[in-house]
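Trainee: I would like to learn how to read charged side chains in a structure. Could we work through one case together?

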Amino acid sequence: MIETEIDEARNLFVIQYHGHVTADETAAQLEPMKAALARMRPGFGLLANLTDLESVDAACAPHIREIMDYANAHGVVAVVRVIPDPRRDIGLQIMSRFHYSGEVQIATAATMDEAMKILFD
């Protein structure tokens, strides 16, 4: 399952992944995510919480790349991922190098508290 949320006060777009994420789920989320990202003010942050993620189908990659490209085109300046176990990184670090500009700050945190400090301190 994928959940998204906008924190307008902090200009933050939040994506949370839970359980086993399928290609159908990521495809179904493309347009709602694009609509939400289009509402963000330039200079926004993106927080991806993978704490409850168990697995992701490899077929999700094109949809994830599309969201990265869309966020990049709409003014993201910081991407922070919460990944408590580094072995659970689903290739996002590598994909980020190709789908975000060199201007975008990218970081990985072990906890939500650490992620919020990276974004707002």
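Trainee: Which residues are linked in a network of salt bridges?

Mentor: Side chains of opposite charge can pair when their charged atoms come close. In this predicted model, a network of salt bridges links Glu31, Lys34 and Glu66. Lysine 34 and glutamate 66 meet with N to O at 2.4 Å. Lysine 34 also forms a salt bridge with glutamate 31, where the closest N and O atoms are 3.9 Å apart.

Trainee: Where do lysine 34 and glutamate 31 lie?

Mentor: Both are in helix α1, 3 residues apart, which is about one turn of the helix. Confidence in the protein is highest in helix α1 (residues 23-38), at a mean pLDDT of 97.

Trainee: Is lysine 34 buried or exposed?

Mentor: Lysine 34 counts as buried, because its relative accessibility is 15% and the cut-off for buried is under 20%. Glutamate 31 counts as exposed at 53%, while glutamate 66 is partly exposed at 30%.

Trainee: What does the pair of lysine 34 and glutamate 66 tie together?

Mentor: The salt bridge between lysine 34 and glutamate 66 has one partner in helix α1 and the other in helix α2 (residues 61-73), so it ties together parts that are 32 residues apart in sequence.

Trainee: How many salt bridges are there by this rule?

Mentor: The count comes to 3. One of them joins arginine 39 to glutamate 8, with the closest N and O atoms 3.5 Å apart. Arginine 39 lies in the loop between α1 and β3 (44-56) and glutamate 8 in the loop between β1 and β2, so this pair ties together parts 31 residues apart in sequence. Arginine 39 is exposed, with a relative accessible area of 56%, and glutamate 8 is exposed as well, at 53%.

Trainee: Arginine 10 is in the loop between β1 and β2. Which ring does arginine 10 lie over?

Mentor: Arginine 10 lies over the face of phenylalanine 120, at 5.0 Å from the ring centre. Leaving aside neighbours within four places in sequence, arginine 10 is in contact with Met116 and Phe120. Arginine 10 is partly exposed, at 43% relative accessibility.

Trainee: How many aromatic pairs does the count come to?

Mentor: A pair of aromatic rings is described by the distance of the centres and the angle of the planes. Here the count comes to 0 aromatic pairs.

Trainee: Where is confidence lowest?

Mentor: Confidence is lowest in helix α3 (residues 92-99), at a mean of 79. The mean pLDDT of the protein is 93, and 97% of its residues reach 70 or more.

Terms used:
Residues are numbered from 1 along each chain as its sequence is written. This is a predicted model: local features need pLDDT of at least 70, side-chain atom pairs count only at pLDDT 80 or more; totals for chains, interfaces and linings use all residues. Side-chain values use heavy atoms; hydrogens and water are left out. pLDDT is the predictor's confidence in each residue, from 0 to 100. Helices (H or I, at least four residues) and strands (E, at least two) are DSSP runs, numbered from the N terminus. Rings of Phe, Tyr and Trp (its six-membered ring) pair if their centres lie within 6.5 Å; planes under 30 degrees apart count as stacked, over 60 as edge-to-face and the rest as tilted. A charge sits over a ring if NZ of Lys or CZ of Arg is within 6 Å of the ring centre and within 35 degrees of the ring normal. Buried means under 20% relative accessible area, exposed over 50%, partly exposed in between (1.4 Å probe, protein chains only). Contact means heavy atoms within 4.5 Å. A salt bridge is a side-chain nitrogen of Lys or Arg within 4 Å of a carboxyl oxygen of Asp or Glu.
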